[in-house]
Amino acid sequence: MAEGQIRKALSGYYYVYQNGELIQCRGRGVFRNRGESPLVGDFVDYTQEGDSDGYIMKIHPRMNELVRPPIANIDQAILVFSVKEPDFNTILLDRFLVVLESFHVKPIICLTKMDLLKEEERVKLTRYIDDYKLIGYEIIETYKNDKTLLERLQPVLEGKTSVLAGQSGVGKSTLLNTLLPHLELQTSDISHSLGRGKHTTRHVELIEVCGGLLADTPGFSSFDFDTIEKEELTSCFPEFERLSEGCKFRGCLHIKEPKCAVKTALEKDQIPTYRYEHYQQFLQEILDRKPRY
Ligand SMILES: Nc1nc2c(ncn2[C@@H]2O[C@H](COP(=O)(O)OP(=O)(O)OP(=O)(O)O)[C@@H](O)[C@H]2O)c(=O)[nH]1
Ligand SMILES: [Mg+2]
Ligand SMILES: [Zn+2]
């Protein structure tokens, strides 16, 4: 039995990295029966003889796992958002941030296609960037043929396992190609009639870059908060979490409760209105969720 890490999953095969090689493996029926499935990022025990396919025998306990994109054992997520094509959208950004916070995965925001902005659009965007920086999020801006991207991402990626996440067409594969030009990952123009990407990347793959591992993933855009409880939502808004120590009631949901520090901050313009509105909307979605049995 040998041990390695799944670096790629494609067409029913798992590619396990061991000693500089990728070993093509199949999962075993037992995983399906137990409702378990191996994920990219998993450390596994596998067997393999001669030239035949290997078999994954055991999945080691995971540090964490994401559902979308499906990946395990990651240190951080690079949330890729284009500022245009598709247009920047704070509610979608907040959805991604909330889901990552709930999985305790550190988000880093990467804004792509800065070259497509007109001057007045850039000014407007800068206000959002300042808001998110104030919350504490790291933001990396990038543009077409970005020559300095590598040096700016190196310290972020070094020694870490990271995943690229974001809608189709925002430039995840392009970003990896900029870091490693010989990769030549397939990318494609967004569909201008639909204003969205074409789902060019179809699988998850961890790639060695900048002294760390970075996963390219297929784009996705919808989320439901099916694993988040209403009491937990506050902690997924870091600025609310910090303020809520000052709320009169423990477990304050910052809606109708008296002496709520979050609402006071909102009235004093210390938190942006749109963040609070998104919080309200997400909370309502959680409250409207059908009970699970
Ligand atoms: N102008 C400009 N175009 C960019 C930039 N980054 C990516 N693009 C273009 O955006 C389109 C989509 O890029 P991809 O890298 O395929 O996007 P993706 O996020 O990998 O998309 P999926 O694989 O479908 O999830 C391509 O035509 C890229 O050339 C950028 O910084 N500036
Ligand atoms: Mg792609
Ligand atoms: Zn409150």
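This is a predicted model: local features need pLDDT of at least 70, side-chain atom pairs count only at pLDDT 80 or more; totals for chains, interfaces and linings use all residues.
1. Residues are numbered from 1 along each chain as its sequence is written, ligands are numbered from 1 in the order in which they are written, and side-chain values use heavy atoms, with hydrogens and water left out.

2. The protein chain is divided into domain 1 (2-61), domain 2 (71-216) and domain 3 (230-288), with bounds that come from an automatic or database domain assignment. The centres of domain 1 and domain 2, taken over C-alpha atoms, are separated by 28 Å.

3. Between them, domain 1 and domain 2 bury about 910 Å², of which 54% is on carbon and sulfur atoms; buried area here is the accessible area (1.4 Å probe) that two parts lose on being put together, summed over both. Of the area that domain 1 buries against domain 2, Arg7, Lys8 and Val40 supply 49%, more than any other three residues.

4. The side chain of Arg7 also meets that of Glu208 in a salt bridge at 3.4 Å, N to O (a side-chain nitrogen of Lys or Arg within 4 Å of a carboxyl oxygen of Asp or Glu).

5. The zinc ion (ligand 3) is coordinated by Cys247 (SG), Cys252 (SG), His254 (ND1) and Cys260 (SG) at 2.1 to 2.4 Å, donors being N, O and S atoms within 2.8 Å of the metal (3.2 Å for Na, K and Ca). Along the chain, the donors of this zinc ion follow the spacing C-x4-C-x1-H-x5-C.
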